[in-house]
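Okay, thanks everyone, let's get going.

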Amino acid sequence: MLIIGIAGGTGSGKTTVVNKIINSLPPGEVAVLPQDSYYKDSSHIPMEERSKINFDEPAAIEWPLLVEHIRQLKEGKTIEMPTYSYLTCTRQKETVPVAPREVVIVEGILVLTDPVMREMMDVKVFVDADADERLIRVIARDCVERGRTPIMVLNRYQEVLKPMHEMYIEPSKRYADLIVPQGGSNVVAIQLLTDYIESRLRRGSNS
């Protein structure tokens, strides 16, 4: 089993990179664990306080559960991955069964910040993109998917996203084995990554 961590700023194109990796490999070879599924449950916090939750700091993630799930997958066990709602800021009752696969991708803005997580990864990737490009994508995504207005997104960017990016996400770039500039549009970097994954899988099947 190959564990790949894919980090990068909000709106950098991580999902695009993940999808291109999945599409380049045979069907059924990749399992994806999004960091967003492992946000701590906030159902015990009053609704008006939930809107102030900082999702962009490592303390927001339930790392022990994510680490345990990766261990279980490596042991050949199927896990029940949690689901999270950004609209209510709560963990949902529904879980998603994830079976062990040849490749497990752990994807999220903070996945390279946790030392235990990094130790478990065979390949660490940082998807890089200019700040203005990321902001445009965040505005488009949050207005459509999370019910926010452009002003709300801009205020959150200034107050939370930008300082957290500079404090936690950007410094985690130094742990990456591969940096993908220009996000998901960097065809050459993504091809190099998928070629490496395929070569590791072939090597594993021949050993």
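So, which residues have the most contacts inside the largest nonpolar core? They are Leu33, Leu66, Ile70 and Met117, in a core of 32 residues. By nonpolar core I mean a set of buried Ala, Val, Leu, Ile, Met, Phe, Trp, Tyr and Cys residues joined through side-chain atoms within 4.5 Å. Buried is under 20% relative accessible area, exposed is over 50%, and partly exposed is in between, with a 1.4 Å probe and protein chains only.

Quick housekeeping. This is a predicted model, where local features need pLDDT of at least 70 and side-chain atom pairs count only at pLDDT 80 or more, while totals for chains, interfaces and linings use all residues. Numbering runs from 1 along each chain as its sequence is written, and side-chain values use heavy atoms, leaving out hydrogens and water.

At least two residues each come from β1 (2-8), β2 (30-34), α3 (63-74), β3 (79-85), β5 (103-107) and α4 (115-120). Those labels are DSSP runs numbered from the N terminus: helices are H or I with at least four residues, strands are E with at least two. The largest share, five residues, is from α3. Look at Ile70: leaving aside neighbours within four places in sequence, Ile70 is in contact (heavy atoms within 4.5 Å) with Ile3, Leu33, Val106, Met117 and Met120. There's also a second, separate core of 19 residues, including Ile4, Ile6, Val17 and Ala189.

Now the sheet. Five strands make an open sheet in the order β2-β5-β1-β6-β7, with parallel pairing; two strands pair if DSSP finds at least two bridges between them. β2 and β7 sit at the edges with a single partner strand each, so one side of each has no neighbour in the sheet.

Is β1 enclosed or open? Seven of its seven residues are buried, so β1 is largely enclosed by the rest of the structure. Leu2, Ile4, Ile6 and Gly8 point one way, with Ile3, Gly5 and Ala7 pointing the other. β1 pairs with β5 over five bridges, and Gly5 stands opposite Val106 there. With β6 (residues 123-127) there are five bridges too, and Ile4 has Val123 as its partner.

Last stop, Lys173, in the loop between α6 (150-169) and β7 (178-180). At 18% relative accessibility, Lys173 counts as buried. Its side chain makes a polar contact with the side chain of Glu170 at 2.8 Å. Such a contact is a pair of N or O atoms within 3.5 Å; within protein, one must be able to donate a hydrogen and the other to accept it, and residues adjacent in sequence count only if both atoms are side-chain atoms.
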